[in-house]
Amino acid sequence: MASDLWEDREVRFDIPVLSMQLRPGEKIIDRLDAIEDTKGNNGDRGRLIVSNLRIIWHCISMPRVNLSIGYNTVVNITTKTAQSKARGGGADAMFVLTKTAQSKARGGGADAMFVLTKFKNTRFEFIFTNLVSALVFVIILILVVQLCYVNIQICI
């Protein structure tokens, strides 16, 4: 059934562009350009969309290369400060399993957001790198949105 809610419960790769569209009740909270999926599509500039149900990333030059990460699949999000070669010192980053992201587009270490998910007994790690500025605001935003999502589920 096309109306079944999957957006917050699943991790999907390379979904049709139609499935990237927002479903009724889904709202965009923020949209960021110049974000790289460092682990899966290193070197490809993309766009990160934060909604109230999921995180969507898609490649700018090939929108069919994309990800949809439902908040219900997120296992862990933590923050730390890492040494960034690109910035010449400490860089704000969101970490789950590793310590630095190497970005071809940035030419070395950069501010990165690491997201660990679990879907159908499979764990996925996503690393998103902002190619132009710090991710501090995005990290806080996603933590707040995901926390709100979890708290709303508890109340239902």
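**Labels and their cut-offs**

Mentor: The largest pocket holds about 160 Å³ of space. This is a predicted model, where local features need pLDDT of at least 70, side-chain atom pairs count only at pLDDT 80 or more, and totals for chains, interfaces and linings use all residues. Residues are numbered from 1 along each chain as its sequence is written, and side-chain values use heavy atoms, with hydrogens and water left out.

Trainee: What makes a set of points a pocket?

Mentor: Work on a 1 Å grid over the protein atoms alone, with a 1.4 Å probe. A pocket is an open set of points with protein on both sides within 12 Å along at least five of seven lines. Its volume is the space filled by probe spheres set on the points, which are joined across faces, edges and corners.

Trainee: How many residues line the largest pocket, and which lie nearest its centre?

Mentor: The lining has 10 residues. Asp-8, Asn-52, Leu-53, Tyr-149 and Ile-152 lie nearest the centre. Lining residues have an atom within 4 Å of a point. By type, the lining splits into seven nonpolar, two polar and one charged. Ala, Val, Leu, Ile, Met, Phe, Trp, Tyr, Cys and Pro count as nonpolar; Asp, Glu, Lys and Arg as charged; the others, Gly among them, as polar.

Trainee: Why does Asp-8 count as buried?

Mentor: Its relative accessibility is 4%. Buried means under 20% relative accessible area, exposed over 50%, and partly exposed in between (1.4 Å probe, protein chains only). So Asp-8 is buried. Asp-8 sits in the segment before strand 1. The side chains of Asp-8 and Arg-9 are joined by a polar contact of 3.4 Å. That term needs a pair of N or O atoms within 3.5 Å; within protein, one must be able to donate a hydrogen and the other to accept it, and residues adjacent in sequence count only if both atoms are side-chain atoms.

Trainee: Why is the pair of Phe-126 and Phe-128 called stacked?

Mentor: The ring centres are 6.4 Å apart and the planes are at 10°. Rings of Phe, Tyr and Trp (its six-membered ring) pair if their centres lie within 6.5 Å; planes under 30 degrees apart are stacked, over 60 edge-to-face, the rest tilted. Therefore this pair is stacked. Phe-126 is buried at 4%, and Phe-128 is buried at 1%. The whole structure has five aromatic pairs.

Trainee: What makes Arg-12 lie over the face of Trp-6?

Mentor: Arg-12 is 3.8 Å from the ring centre. The rule asks for NZ of Lys or CZ of Arg within 6 Å of the ring centre and within 35 degrees of the ring normal.

Trainee: What about Gly-43?

Mentor: Gly-43 has 36%, so Gly-43 is partly exposed. Its loop runs between strand 2 and strand 3 (45–51).

Trainee: How many helices and strands does the chain have?

Mentor: Two helices and 12 strands. Of its 156 residues, 47% count as buried.

Technical notes: Helix = DSSP H or I, 4+ residues; strand = E, 2+ residues; numbered from the N terminus.
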